[in-house]
Amino acid sequence: MIRILLADDQPLVRAGLNTVLASDPELQVVAEVADGRAALAAVERSRPDVALLDIRMPGMDGLTAAESLRAGHPALRVMIITTFDEDRYIARALDAGVHGFLLKSGDPYELIGGIKAAMNGGTVLAPAVAHRIVHVLHGGELRNRLAARSGVQALTPREREVLALVGAGLSNAEIGSRLHLAAGTVKIHVSALLGKLGLTSRVQAAVYAYRAGLAE
């Protein structure tokens, strides 16, 4: 029996997923929660084999929960099931090491088969998601995004805030006003983050912020 945790903030969605999973005698839903933080607690309490997480949930989102679960529970198979197949979500999920990225619009049998494949050590991607990954990888952009997400971990929280605002096109004075810092202090932060990331200009920093998911 494969024990499953469902995390989705919409009761109707959870009910639908429950119905799909209950159609297979090898699957059992052992916990249902409505946000990522509750999912972390439910894993400790219910000890599922698979955590099936939505992305957009109140409080802690599914991607943040996935990152925590992958770090703290290496044996747990963590899968994303969502309506959103945007590149930034896909890149972050893969960077976290999830075992599946499926879409709610997919065939129910894809979900059942995906869970079983993940339990056997596979990584399962919805066809539309796989297509996007191949398309993005062809241009190297996904690699750039994953590298940027890794790179910003070397920054302090304040430097990440400054980088995000550089990515939004704000000047040092505007960033200082937003963060209640002197323009000179902002300049120091900008210089420090450029050095840490190996960048030479604010334009490069803005592109880096976008690739790292800090700026739209």
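**Figure 1. The crossover from strand 5 to strand 6.** Strand 5, helix 5 (residues 108-119) and strand 6 form a left-handed β-α-β unit. A crossover is called right-handed if, with the strands pointing away from the viewer, the path from the first strand over the helix to the second runs clockwise. Helices (H or I, at least four residues) and strands (E, at least two) are DSSP runs, numbered from the N terminus. The model is predicted: local features need pLDDT of at least 70, side-chain atom pairs count only at pLDDT 80 or more, and totals for chains, interfaces and linings use all residues. Residues are numbered from 1 along each chain as its sequence is written, and side-chain values use heavy atoms, with hydrogens and water left out.

Strand 5 (residues 100-103) and strand 6 run parallel and are joined by 2 bridges. G100 has V124 of strand 6 as its bridge partner, and F101 has L125. From strand 5, G100 and L102 point one way, F101 and L103 point the other way, and all are buried. Buried denotes under 20% relative accessible area, exposed over 50%, and partly exposed the range in between (1.4 Å probe, protein chains only).

Figure 2. Two strands are taken to pair if DSSP finds at least two bridges between them. Strands of a sheet pair through backbone hydrogen bonds, either parallel or antiparallel.

Strand 1 and strand 2 (residues 27-33) are parallel and share 6 bridges; A7 is there bridged to V33 of strand 2. Together with helix 1 (residues 11-22), strand 1 and strand 2 make a right-handed β-α-β unit. Another right-handed β-α-β unit is made by strand 4, helix 4 (residues 87-96) and strand 5. Strand 4 (residues 77-82) runs parallel to strand 5, with 4 bridges between them, and I81 has L102 of strand 5 as its bridge partner.

Figure 3. UniProt, in an unreviewed entry, places the feature "modified residue: 4-aspartylphosphate" at D54. UniProt positions are given in the numbering used here, feature names are shortened, and annotations may be inferred rather than shown by experiment. D54 lies in the loop between strand 3 (50-53) and helix 3 (62-72). Its relative accessibility is 4%, so D54 counts as buried. Leaving aside neighbours within four places in sequence, D54 is in contact (heavy atoms within 4.5 Å) with A7, D8, D9, G62, I81, T82 and K104.

Figure 4. In helix 2 (residues 36-46), the residues G36, A39, A42, V43 and S46 are buried. These residues cover an arc of only 105 degrees around the axis, which puts them on the same side of helix 2. The arc is that of the directions from the helix axis to the C-beta atoms. On the other side of helix 2, R37 and R45 are exposed. The cover over the buried residues of helix 2 includes strand 1, strand 2, strand 3 and helix 3.

Figure 5. An unreviewed UniProt entry lists residues 148-213 as "domain: HTH luxR-type". This span is 73% helix and 0% strand, and its end C-alpha atoms lie 9 Å apart. In helix 9 (residues 172-179), N172, I175, G176 and L179 are buried. Seen down the axis of helix 9, the buried residues fall within an arc of 100 degrees, so they line one face of the helix. A173, S177 and R178 are exposed on the other side of helix 9. Helix 8 (157-167), helix 10 (183-197) and helix 11 (202-211) are among the elements that cover the buried residues of helix 9. Just after helix 9, H180 takes a positive phi of about 60 degrees.

**Figure 6. G167 and its contacts.** G167 belongs to helix 8. Leaving aside its neighbours within four places in sequence, G167 is in contact with A206, A209 and A215. G167 and V207 are 40 residues apart in sequence, and their C-alpha atoms are 6.8 Å apart in space.

**Figure 7. Confidence along the model.** The mean pLDDT of the protein is 89, and 96% of its residues reach 70 or more. This value is the predictor's confidence in each residue, from 0 to 100. Among the elements of the protein, strand 1 (residues 2-7) has the highest mean pLDDT (97) and helix 6 (residues 127-138) the lowest (71). Where pLDDT is low, the predicted coordinates should not be read in detail.
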